[in-house]
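This briefing is for a reader who is meeting the structure for the first time. Please look over the sequence and the model below before reading on.

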Amino acid sequence: MSHHQTLEEIQDFKGKYPRQIWYLFFSEMWERFSFYGMRGMLTYFMINQLLMEDKTANLQYGATQAFVYAFTFIGGLFADKILGFRKSLFWGGLLMITGSIILAVDPHQFFFLGISFNIIGTGFFKPNISTMVGALYKDGDARRDAGFSLFYSGINIGALLGGYFCISIGKGTMLTSMVPEGATWNVAFGLVAVVMTISLLTFVYTRNTMATIGLSPLRDASKPGNSIQASKRWYEYAVYAGGLISIPIIMKMVANPVYVDWFMYIVGPAALLWLFYEMTKHSGAEVRRLFAALLFIVFSVIFWAIFEQAGGSLTIFAANNLDNELLGFIKLDPNGVNNAANSLFVIFFAPVIGLIWIALAKKKKEPNTIVKFGLGFLFLGLAFYIFFGTRFFATMEGIASLDVFTLAYFVVTLGELCLSPIGLSAMTKLSPARLQGLMMGMWFLASAYGQYVAGLFGASIAGDVTTASNYDKLMIYTQGYKDMAIYAVIAGVILIIVAPFVRKRLMGHVH
Ligand code: GLN
C-alpha cells in the first residue's frame, strides 16, 4: 500500500461501504468487548466479591453507567476543540487499558480506581470513533445510514463476546483447568486489558489510511502528521491532566449515589447551555439543523429509558417468570436469553436493514430520519406489548413462555435498529464540522439519562413485589410493560406527525 487515499478519494468510494469503515468496525468491536465484558462483571463482582448488598451494588452499577455516558459529552467537546478525534481515541484507549490493568492486578483493592479510569477513557473513545465513521461519507451520501448499521453489528459482536467470556472466566465456569481458582477475576479483567490493547493497536495501525479525518484542529499544518502547534501544545497537556485529575473525583462520586443525582441534574442543563452558546456562532440554517439533532437526542432519552429495562426489570422478570424452553426443544437459561438475544439479533439484522435502506434509497423510497425514529418507537411499543402479552401464555404459577419473550426481543431489536445507528448517523449529518464531537457526545449523554430514567421506571414497577406471589409478580411486571408500550407508541406517533414539518423547517436538504 504505497498510496494513501485523499479525503476526496475515501468519500468517493465505490460499492456499499468505504474500506476504512472496517478498520473502525474492528477497533470499536474490541472496545465494546472490553466495555461490555467489564460492565457484565460489575454487579456480580460487587455483590459476591466486595460483599456489598444487592441494592447498593445496583445503585453503584447505575452510577457507573450514568457517568460513562455522561463523560462522552466532555470527550466529544475536547475532541472538537483541541485533540481531534484521533488523539482522543488514543488517549481514551490508553486510559481504558490502564484501568483494566489496575483491575487485573488487584480487583478487590483497586476496584473503584480501575473503574474510574475506564469511565474517563470511554468518554474520550466512544463518541469520537462514531464520529469518524460519519466523516467517511460526503454530505448527502445515501449510504451513510447503512454504514452506521454495519458499524452497529461490530458493536454487538464485541458486546456479545465480551459479555459472555469475561463473566464466565471470572466466575470460574470457563477455562477452569487453565486459570487457578484464586486468580479468575484477575484473569477476567486481564482479558479486558488485552482486548482493549488489540482495539487500540488496530486503530494505530490503520489510522494513516484516513487522510485528514480526525486530525487535531490545532495541528501544525506546515508539518506532516498530527502534532499540535508548539504554542498550543499546553492545551493538549491540560486536557490529559484534566482527565487524570477527574479520576479520583469520579472515584468518590461513583461510590456515593447521592452525587450521581446531583451530577445528572447539572450536566444535562450545562450541556444544553453550552450548545446554545455554540449556536450563537453558527448560521440560521446550521442552528435549525442543530435543533433537529436536539429533537432526536431528547426522544432518544425516552427510547433508552424503556429499552434499558433489559438490564433491570426484565432481568428480574426473566429470573422469576419464564420457562426455559425455546421452540419446545432447546433448553436455555431465560436470563441468558435476556442478555444475549438482543445482540444476536442485531448482529444478523443490522446489515440486512442497512441494505434495505440502500435499496429503498435507489428507488427514492427511503424513509427519512424522523420517520425511521418514529418506526423505532412503534417497534419498541409493539415489543413491549408482546412482553405484556407473555401473561396470556402463562401457567397458574406465573411461568410464561420463553418463545413469546424472545419474539419480543426480536421486535425490540428492529426498533433499536431504526433508531440507534440512525441517530449516530444523524448526528454526523446534522452537525457542522466544528461541533461533530460535541453533538455525538450529547447523543450518548441522552443514553446516560435514558439509563437513569430506566432505573427509576424499573424501581417504580418493582414497588413492593417482594411479598407478592409469582403469579402476581407476572401481572405487576407485565402491566408495567403495557404502560411503557403506550408511551412508546405515543412518542412514535408524535414523531411521524411532526416529520414533514421538522424536515422542511429544520433539516434543510438533509434527508
Ligand atoms: N449498544 C450501543 C453501544 O454500545 C448503544 C449504546 C447506547 O447508545 N446506549 O454502542
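Of the 511 residues of the chain, 51% count as buried, a residue being buried if 20 or more other C-beta atoms lie within 10 Å of its own, exposed if 12 or fewer, and partly exposed in between, with C-beta atoms placed from the backbone. The model is a predicted one, in which local features need pLDDT of at least 70 and side-chain atom pairs count only at pLDDT 80 or more, while totals for chains, interfaces and linings use all residues. Residues are numbered from 1 along each chain as its sequence is written.

**Confidence**
- The mean pLDDT of the chain is 90, and 98% of the residues score at least 70, where pLDDT is the predictor's confidence in each residue, from 0 to 100.
- Among the elements of the chain, the highest mean pLDDT, 97, belongs to helix α6 (residues 184-206), and the lowest, 78, to strand β2 (residues 330-331).

**Overall fold**
- The chain has 15 helices and two strands, which are DSSP runs numbered from the N terminus (H or I, at least four residues, for helices; E, at least two, for strands).
- Because its radius of gyration is 22 Å, close to the 24 Å that the globule rule gives for 511 residues, the chain is as compact as a globular protein of that length; the radius is taken over C-alpha atoms, and the rule is 2.2 Å times the number of residues to the power 0.38.

**Nonpolar core**
- The largest nonpolar core holds 157 residues, and those with the most contacts inside it are Leu380, Phe384, Met442 and Leu445; such a core is a set of buried Ala, Val, Leu, Ile, Met, Phe, Trp, Tyr and Cys residues joined through C-beta atoms within 7 Å.
- Helix α3 (residues 54-105) contributes the largest share of this core, 23 residues.
- Apart from neighbours within four places in sequence, Leu445 is in contact with Tyr69, Ala70, Thr72, Phe73, Gly268 and Ala271, a contact meaning that the C-beta atoms, placed from the backbone, lie within 7 Å.

**Ligand surroundings**
- The residues around the ligand are Arg32, Ile155, Trp304, Ser420, Phe444 and Ser447, each counted if its C-beta atom, placed from the backbone, lies within 6 Å of it.

**Positive phi angles**
- Leu175, in the loop between α5 (144-171) and α6, has a positive phi near 55° although it is not a glycine, and with 14 C-beta neighbours inside 10 Å Leu175 counts as partly exposed.
- Ala211, in the loop between α6 and α7 (233-255), likewise has a positive phi, of about 50°.

Technical notes:
Contact = placed C-beta atoms within 7 Å.
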